[in-house]
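Could you look over this structure with me?

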Amino acid sequence: MNRTLLLVSAAGLLALGALLVGKPSPPPPPPVTDTSHTVARPDEPDATVTLPLVTSTPSGGALTLTGKLSGAYVQTGTSEVFAWLELKAHPAEAGRRVPVNLALVIDRSGSMSGQKLADAKRAATELVNRLTSEDRLAFVDYGTDVKTLPSRPVTEEVRSELLLAIANLRDDGSTNTSGGLTEAARALRPHLRDFRVSRAILLSDGQPTTGMVREPELYALVRGMRDEGITVSALGVGGDFNEALMRGMAEQGGGFSGFIDDSAKLAEVFSRELDQATSTVARRVELELRLPAEIQAVEVMGLPATREGQLVKVPLYDLAGDQSVRVVAKLTLATGAAGGVLQVLDARVRYVDVGRDAAADTGLKLAAAVTADAAVVRANLDRDVRVHATRALGTQHMLAAAEEMKRGNRQAARGLLDNARRIFGTSASALSGELAELDQTEAAYGSASDEAEVRRESRNLYKKTMKNFGTNNAY
């Protein structure tokens, strides 16, 4: 770490935002408070301590949870601490393929005309050809209206009928995404008990224009499907779709998202989606964080979360064998007198174990000692979690920059990228890859000559943020 650099304080970051971001853009994401777990003081030595990982007790299930805090101590009074968690799926059983109950939902609205619809038809054809008679498939296509071929086992006769329906698709009408998803749920629902994995795969190139058009409505729709046992993956193709909406539907639906600029790659993405579905080991995965009274605020960085009192729930995606997800949570504490040990976090993951076809859970607890001595706190910081926290904090600004790029506000986007660079720079050696990617983004964005190129760079930056936040449910 460059000891002359500081992770900017709240006041400093806001002042920097005022200089660099400018009007009329919205304010940058909330800055981190200047506390010991995230901010290096001038001439402070690099953190060298590596705290032991806490691992969940073996349960015989498909998932293992590990984690640790950003330090072995927390200071009395108001402070911040970061928790880093990793959820990993055990390898799938060799040679095991899970039969799947699928609905393929294709947007055939007018905006899909030409090459996009041709490539969608080719990708759907390849997906149908890979299914076996153990699998079921419903085919839904929508414009303003919605048409459905009911769910059936994919026998050779059914395969021929599906391929003919795909070949005869013609673009027409508006974009009724909610109608397509509702019909997919109706087709899948009668077979949920017979299949351990049920999934709707949505492909669209645009913003919904009829039916449900507001994000909260669509999120509620796919969240309800997930609660029933239907995973929803959302794939965007072309240059005009709403990345945040498609990503949000995948997050709320427990599935995968894809941002596909080159529609010729659709067949590859469909193939990967099928492979992920047929090797799923855990579905309806949800992380619960139970907080002690001393926790005043919590932010799960880069993931949707809801809080009810002292319980935070974080929906996660279905996991195939060997897949993982990393979670960084920023916790604001108000602790009393020094002495004793504070249980900072009780983390538990609940899921359906596909191999056992049963509900399962696993969890761990993270604790720290309470001290009034700031030097003790700083001497016992974990170097790895500090890097994870720094990466997540900088990535918040990258995500905000991607949104400003889409709005056409170059000054705001450049200012937010500069903020990210300053944050990453406090751990320059550990985050050299992130800094190099920022260089690439700024160079490509600076040379973008039209709106299409700007949107492409915005989308590329959006993809980088998902990787940095530690999620692996994007194509």
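Here are my points, starting with the ground rules.

1. This is a predicted model, where local features need pLDDT of at least 70 and side-chain atom pairs count only at pLDDT 80 or more, while totals for chains, interfaces and linings use all residues. Residues are numbered from 1 along each chain as its sequence is written, and side-chain values use heavy atoms, with hydrogens and water left out.

2. The salt bridge count comes to 30 (a side-chain nitrogen of Lys or Arg within 4 Å of a carboxyl oxygen of Asp or Glu). Salt bridges with shared partners link E243, E403, K406, R455 and R459 into one network.

3. R199 and D318 form a salt bridge at 3.7 Å, N to O. R199 sits in strand β8 (residues 197-204) and D318 in the loop between β14 (311-315) and β15 (319-320), so the pair ties together parts 119 residues apart in sequence. Strands (E, at least two residues) and helices (H or I, at least four) are DSSP runs, numbered from the N terminus. Both residues are buried (under 20% relative accessible area; exposed is over 50%, partly exposed in between; 1.4 Å probe, protein chains only).

4. E183 is partly exposed at 23%, as is R186 at 47%.

5. P58 lies in the loop between β1 (54-55) and β2 (63-69) and is exposed at 78% relative accessibility. Its C-alpha is 7.9 Å from that of T362, 304 residues away in sequence.
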